[in-house]
Structures are given as C-alpha cells and as structure tokens.
Amino acid sequence: MAAIGYNCGMIANATPTTPASHPTVSDVELPRLAKKRFLHDAAEHVRDTDHRAFIRKALGGYYVSRDVQKSRFRDWEQARDAASLAKWSAVNRLDELLPRFVTNFEANGGQVHWARDADEARTIVLDLVKAARAKAVIKSKCMTSEEIHLNAALEADGYGVVESDLGEFIQQLRGEPPYHFVFPCMHVRREEISDLFGRHLGTAPTDSPEELTMIARRHMRGLYIDADVGITGANFLVAETGQISITENEGNARLTAALPRVHIAISGFEKVVEHLDDLAVLLPMLATAGAGQPLTCYNTLYAGPRQPGEADGPEEMHLVLLDNARTAILADPEQRDSLHCIRCGACLNVCPIFKNVGGFTYGTTYQGPIGSVITPHLRGLADWNHLSGASSLCGACSDACPVRIDIHRHLLHNRRNAARTSPNLIEKIGHKIFVMVARRPWVFALGGKLFRQTLPLLKALRPPLLRDWLASRDLPQAPRESFRRQWERRRPEARG
Amino acid sequence: MTGNSGGSAREVILARIKEALRVPAPLPHGIAAALRSQMGLLPATAALTTSGASAAGSASAATALPTLTIVPEEVARPWLPDGGETPEEQLHLLIENLGKLRAVVHHAVDFTAASEYLFTIARERDWKRVAWHPHPLVDPLLAGIPCATYRVDAKDFDKHALESCDAGITSCEALVAQTGSILVSSATSGGRALSILPHVHVVVATRSQIVATLADALHAMKALHAGRLPSMLSFITGPSRTGDIERILVLGAHGPKELILILVD
C-alpha cells in the first residue's frame, strides 16, 4: 500500500535561526507553548468526531492486512526476537560498525559527510547542490530531511525542490508537515486532494483515488528526468557491504536514485546493521508491521554511483550521516533501544492517543508513541514531557513494535526523569497530604465522610479545580456509607 | 565537508559514540528469556555471555559485548514466512504470492513460446516502442516485438528515449518464493531505470532462478558478485503501488502499473 518511506532520523533540536518550513511545526516555537498548544489541539481534535472516524476508517484496512501478513510468519514473536537482537547488536557496537560501514561505502565509490546537527547537515546538502550546479532537485520521502528542515533551506537559496512521494507531494502543496511519518496525508479527503491538484496543477476535479494518483504520476515523470540532484533517505546502512537500503512502494525513490546526476542520501547513523543478511528479517518485518504487506514494493540496495559497464545511474553518490542528538540517546543505556526504531509507524497505528488527537497535535517530526519517547531527549524534557503524559500506558505500542522497543515503559521513564529534574509542586504537596491522611485512619474516615456529604455540592458548584475533569465527565452518586463500613457490615455474611 | 572547530565532525561524532557506549545497555525487553528458550538463535556461548553481561549491568561488562549475528547457514529461521522446501513448492509459492500482488505470470515452454506471448501482449496493448537490454534471456524474445525498440546499454543512455517507451523488458537475478519478489540489479538487468521508468515491466526468467527466501537471494548475490556488488540491487514485489489517498490501494504510482513475469521452463 502506501508511501513507505520510513526513513531515517529523529527530531530536530531547537535551532532558532531555522526558517520554519511549515507553519505548524514547533521546533522554533517558544518551548513553553508546546504543552499549551498540545492541550489546546488535543481538546479540539478529540471533539472532532469526523476527523476521528476518518482516521479510524483509514486504518481499518491496515489492521486486517497487517494481521494477514503476520499470520504468514511461522512465528512472529520469534521473528521479533531476532529483529530486536539484530538492532541491539548493531546499535551497541556502533563504534565498530559505523567506521566499517563508512570504509565499505567509500570503497564502493560513495562519499560520506558527517553532520553534528541540523545546521551542519543543511550546509552540507546546500553545498553539494550548489557544486552540482543544480537547477532542479527531486526528493523521495525522507524523515531526516523533515527533521533538519531541508526544503525550506533549499528554497531559501533559490532551489526548486519537489517531493515525489504522493503523500509528501500532497503535503508539500498543502504547506503542511507530514501528519504521520509513514502515511503523510492520511487525514486528507479525496475531495480536498482534487481541489488541491485543480488549484496547483490545473486538473479537472475527480473523486477517484486512482485518477488522482495518475495526475501526480504524469506531473512527476518529467521532473525526475529534468532534476540534476535526487535526495533520498535510507532505512538501513549495511556495514558488511557498504550498501544503503531504501524501502518504498511507489517507485519514486528508485527513480530519484536512477535519473539525476547526483544522488544524496541523508540518514541518522543509527541505521547501521551489521550483515546484509539481517535485512532478510528486517525488511519483511518492516513491511508487515508498517503497512500490512509481505514486503514493500521496492526494497533497493545502493552501493555507490553508477559503475563502469552499467547503463545508467548517478555520477556521484553522497551520504550525509546525521547525529543531531542521537548520541545523547545512545548515552542513556535505559532508553538506548529507542534507537532501534525502524520507523515502521506501527506504534502510531495502534495508539489510542494518536487515533484521537491526530498527528499534528504532537507538534513533532515524529508523531505517536515513539515520537513521545525521543522528542524530550532532543528538545528538552522539561518542555516536552507532556507527550509522555499523553499516554494511557496501555502498552499497545510496545506490543506492536517489530523490534520490541519498550515504548510505554520509556514514557514512564521520561515521567520519572521529569519528576526528578523539575518536580511538580502541586503533585508533591498532594502526595504529602495523601500520606498524612492515609496513615491516620480517623482522618481518612473523616475525610471520606466530608467528601460523601459535599459531593452533591461539588457537582452543583463546579469549582475551578474540577472544571476540566467535569467538562467531559460526571461525578458519581455518593454512597451512603464508607467502604470500610460496608465491609464490616457484610463480613459475617461472607463468612457464611 | 567536515567542521573544523574542535576536530572534524567525523571525529567528534565517533568520539561521542565511543563515550556513549561505555555503559552497556540491557538486552532488549523479553530477549533474555527468549534466548534461554531458543538457544538455536545464537551461538550458545554468545547467548550466555550476553545475559550475564546484562544481569551484571556493570560498566566493566562493556568489553564483553558479544558479536551477535544470525547466519543463514547455521539457522534456518523456521519462524519467517515459508519459502518452500522443494522446487515444486517454491514455484507454487512464487506464483501464489505474485498473484496476490497482482502481478501477471505467464509460463512458456521455450523461448519461441515466450516470444509469441510477447508479440500477443504488445499487439493487445498497442505498444509503440519497447525498451530492452542485451542479455542471453532477453535477446531471444526480440523477434516477438512488433514495434520500435530502444536498446539500453552502457553507451549513450538516453533517459528521454526510455521515458517514451511503453514497456521495458529485463532479465532478473533471482525470483524469491517467500515473498513473490523479483530481484533485479544494475549489472544484469539493464541498469537502474529500465525496470522502473516504463509503464509496463516485463521480466524474463527461468525456473532455475527461483530461490526459497530473501536470505538465499542475498547470499546468492554475494557469491555471484564476489568482487564487487552491483551499484543497485532491487527486490521488486509487485507493480508499483500507493495507498496515500484515504489508504485505498492504487497500482502504478510512479513505477510500472503492470508487472509481467514470463517464466520459461
């Protein structure tokens, strides 16, 4: 099915000089606003039942096909063990495997560029595009490029850049970031796309997804041919052979890496796997967990530019290896496994929070549970811990993760870390009072009595402290007597 | 393209990584138990060292991190999707999977039959121009092309000419029963664009090219191209597709709308 371009990376760190490429992305936003806006947008989206129903419907087919494909595995759980071990083994030996990958990649004729942060990565890509004397740049889906706000930087320097993945193209025309890092425009209705294409491409209205896809297909074909530079992401970096692996469905990444003179790939360094053979496990799992497919349509391994004797292919191949705070996550052994993420998006698809608040509410490059885990590392826990609170801790994300990242437990870790570094005064006082009350049975009984009697009054008065709670809920009927009293009364009966 | 304040970016990042990895991480959630129950997954010694290291959780264990790899010769991976044991099973699986992917499979008893089939589909679809590349499996089919052709080779490749073609005919490196994938390479399948730019992709292959699993295909590539891997290896799994509009499946997003496999006995 979809535009799988699960690529690369993480979240941009705050670089105030970055021009915001999208009005709703909040790297550049004043941090304190992040939580406020999250609460506001979440409330708004939760009330939007049309939006919720639309997202649920869109995911309905995914659940079915995912389960069909999972059942083709003779043992999905053992496959998860193997996949998580392959990633664990690679991430924990990056000091050895990353140099090995780079040596082999260079032996294949590729050039490696190291970027400590988003700013450095943008400069590298801009210099490469400049050196190529590029008139046009075509891109296939690449989340690290969203992370470093590459499009805005290219456009600011006067380079036209076109997103070739259908979903990303639609989002580019809409001037919005991806809604979901695997299904970028899953929130957009076909009528809106028809209008959008009508406005930008001058095409006639249609309500057929097929016709809309063909409009984009026709529009894009010439652009692949005219582009001088093709930019892609990377899903895996194979240390053993120096190849990069790109997963997609549409063929746009294949075209992007075939026709332009220069191919630039951007990837977080944590995408390294040791053996080519690891892909025999990881590729089918990525497709099954991410899109309910046995394998996505095109899984391609690139080893440098065109070789002598080959018909076509780029003259140069560059790889930008991005840190951008990944080393900070690596330095936390407890949450290091969040670097195992293969960006399949399965945790978003099953998350009750994601399905209710939607992708934009997060305000992050990576939405959903995995985004809530890693964003605080990259943009600061104090300002982004609210994402860890936006979880029912149901564990659906951890169950869905093909590489067994303990996602919901990491949300708890973030909460714990936040409580340590910047304790919430009200919570602290609240807990103190509770301890005081709970240790004195007579105070507890008195408090209960008081509460039972004032409950109808609270209901009527709606004091400010309870107003948020009461906005969508009702208080229960007060029981006539306390639990302890009832227990005492009924015990003899229970004994029979 | 490296920074120069306080060492190159490469040195800085590698130093950060080294520093970060000084404290070992525990094994993935649930893995320690899994290891005990299925030691076949790993060499026994590695498994023991690993669970020991994670249980101890001490910084000194960092040096004891084992090399954990899964090597197909040693492990059959009986938990992945089935690839079939016998050639018959593999053929059956391949065809079943390709069907589900909405690819077309045509059996031909010999190259004459294959050529006739190509003639028929070219006529039916009214192809004006077909691209091909010189290859022992492709050459015998040329007689079956009732229209203009464009030959793709290393000399003066013309992307505009290729774009004007209705179909591209290529050979392949292998066929994967497990997933219904067709493995093409830049070395033996006419470069990178021939199998992706034309609207229809026709693949000519023989039954002997069928392998059971992705791992088998990858291994075959390493053995076959021992000196140097082709600059592109691509597993093609069905015609190009997208679900980006309301998650509804549409074939032919940017790559071929149709994928036709001619399987010669």
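Predicted model: local features only at pLDDT ≥ 70, side-chain atom pairs only at ≥ 80, totals over all residues.

Q: Is R22(B) buried or exposed?
A: R22(B) counts as exposed because it has 12 C-beta neighbours inside 10 Å. The cut-offs are 20 or more other C-beta atoms within 10 Å for buried, 12 or fewer for exposed, and partly exposed in between, with C-beta atoms placed from the backbone.

Q: And how far is R22(B) from L175(B)?
A: Their C-alpha atoms are separated by 44 Å, and the two residues are 153 apart along the chain.

Q: OK, what about chain B overall, how many helices and strands?
A: Chain B has seven helices and twelve strands, and 47% of its 265 residues count as buried.

Q: Which strands of chain B make up the open sheet?
A: Six strands form it, in the order β1-β12-β7-β4-β2-β3, with parallel pairing; two strands pair if DSSP finds at least two bridges between them. At the edges stand β1 (104-108) and β3 (148-151) of chain B, each with a single partner strand, so one side of each is left without a neighbour in the sheet.

Q: Switching topic: how many residues does each chain bring to the contact?
A: Chain A brings 98 residues and chain B brings 85 residues, where two residues are in contact if their C-beta atoms, placed from the backbone, lie within 7 Å. On the side of chain A that touches chain B, the largest share, nine residues, comes from helix α3 (residues 76-91) of chain A.

Q: Which strands pair across the two chains?
A: Strand β9 (residues 298-302) of chain A and strand β9 (residues 232-236) of chain B run antiparallel and are joined by five bridges, with Y302(A) opposite M232(B) in β9(B).

Q: Now helix α8 of chain A, is it covered or open?
A: Helix α8 (residues 166-174) of chain A is mostly covered, as seven of its nine residues are buried, including L166(A), F169(A) and I170(A).

Q: What do those buried residues of α8(A) pack against?
A: They pack against β3 (160-163), α9 (190-201) and α10 (209-226) of chain A, together with β10 (241-242) of chain B. After α8(A) comes G175(A), whose phi is positive, near 70 degrees.

Q: Last one: which residues have the most contacts inside the largest nonpolar core?
A: They are V272(A), L282(A), V320(A), C347(A) and L261(B), in a core of 198 residues; a nonpolar core is a set of buried Ala, Val, Leu, Ile, Met, Phe, Trp, Tyr and Cys residues joined through C-beta atoms within 7 Å. Helix α12 (residues 279-291) of chain A gives the largest share of this core, ten residues. Leaving aside neighbours within four places in sequence, C347(A) is in contact with several residues, among them G368(A), C397(A) and I407(A).

Conventions:
Residues numbered from 1 in each chain as written. Chains lettered and ligands numbered in written order. Helix = DSSP H or I, 4+ residues; strand = E, 2+ residues; numbered from the N terminus.
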